[in-house]
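Colleague: I have a model open here and would like to go through it with you. Can we start with contacts and then move on?

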Amino acid sequence: MMQTPQVIQCSVGMRWGDMDAYGHVNNVEILRILEEARIHAFGPPGGTGGPGREPVVALFNNVPAGTQALVAEHRVKYLVPLTYRNIPADIDVWISALKGASLTIAYVIRDPVTGESCAKAETTLAFVDGGSGRLLRIAPEQKDLMLPYLGSSVFA
């Protein structure tokens, strides 16, 4: 049985333009929220963006030059609509799978007022050499960073 992971708690702002015709945050914008939570938790990919706040776990910004962390798969289950609010949504983030050359990040998006779970999701990422396109194995030091955050899938 897998132990309870350390969970990274993130807050991601909702934008007025994220709403769709039904008055809730559009499903496409949910993926943007997941991306923002992932970057908040694990850092921007090395060599991108300007300096800012250090992530909770410096995973992506400490990879060798030329390494890309590419999305291989998204899986999202919408539980209830996330209503637009002028305050950030709450997202819990952890690692739900760690393999030789890929990792899966789990998320739960919660309404910041009611605390109700609105969506659960997972993103599988693979590390790739940007020049050759060759898949790269996850380095032992990267695995060590992730182990405290390793837990169960939201779809288990």
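Modeller: Let's start with I91. Leaving aside neighbours within four places in sequence, I91 is in contact (heavy atoms within 4.5 Å) with I8, Q9, C10, V12, I33, A37, Y107, V108 and I109.

Colleague: What should I know about the numbering and the model?

Modeller: Residues are numbered from 1 along each chain as its sequence is written, and side-chain values use heavy atoms, with hydrogens and water left out. The model is predicted: local features need pLDDT of at least 70 and side-chain atom pairs count only at pLDDT 80 or more, while totals for chains, interfaces and linings use all residues.

Colleague: Which residues touch the most other members of the largest nonpolar core?

Modeller: F42, L82, I91, V93, L103, I105 and I109 do, out of 35 residues in that core. A nonpolar core is a set of buried Ala, Val, Leu, Ile, Met, Phe, Trp, Tyr and Cys residues joined through side-chain atoms within 4.5 Å. Buried means under 20% relative accessible area, exposed over 50%, and partly exposed in between (1.4 Å probe, protein chains only).

Colleague: And which element gives the most to this core?

Modeller: Helix α1, with six residues. Helices (H or I, at least four residues) and strands (E, at least two) are DSSP runs, numbered from the N terminus.

Colleague: How far does α1 reach?

Modeller: α1 covers residues 27-42, 16 residues, and reaches 23 Å from its first C-alpha to its last. That is close to the 22 Å expected at 1.5 Å a residue, where the expected span is 1.5 Å times one less than the number of residues.

Colleague: Which of its residues are buried?

Modeller: In α1, E29, I30, R32, I33, L34, A37, R38, A41 and F42 are buried. What covers them includes β1 (8-12), β2 (67-78), β3 (89-98), β4 (102-110) and β5 (117-129).

Colleague: What comes after the helix?

Modeller: G43 follows α1, with a positive phi near 90 degrees.

Colleague: New topic. How many aromatic pairs are there?

Modeller: Three. Rings of Phe, Tyr and Trp (its six-membered ring) pair if their centres lie within 6.5 Å; planes under 30 degrees apart count as stacked, over 60 as edge-to-face and the rest as tilted. W16 and Y84 have ring centres 5.4 Å apart and planes at 90 degrees, so that pair is edge-to-face.

Colleague: Is W16 buried or exposed?

Modeller: W16 is exposed, with a relative accessible area of 63%.

Colleague: What about F42 and F60?

Modeller: Their ring centres are 5.9 Å apart and their planes at 70 degrees, so this pair is edge-to-face. F42 and F60 are both buried. Together with F127, they form one aromatic cluster.
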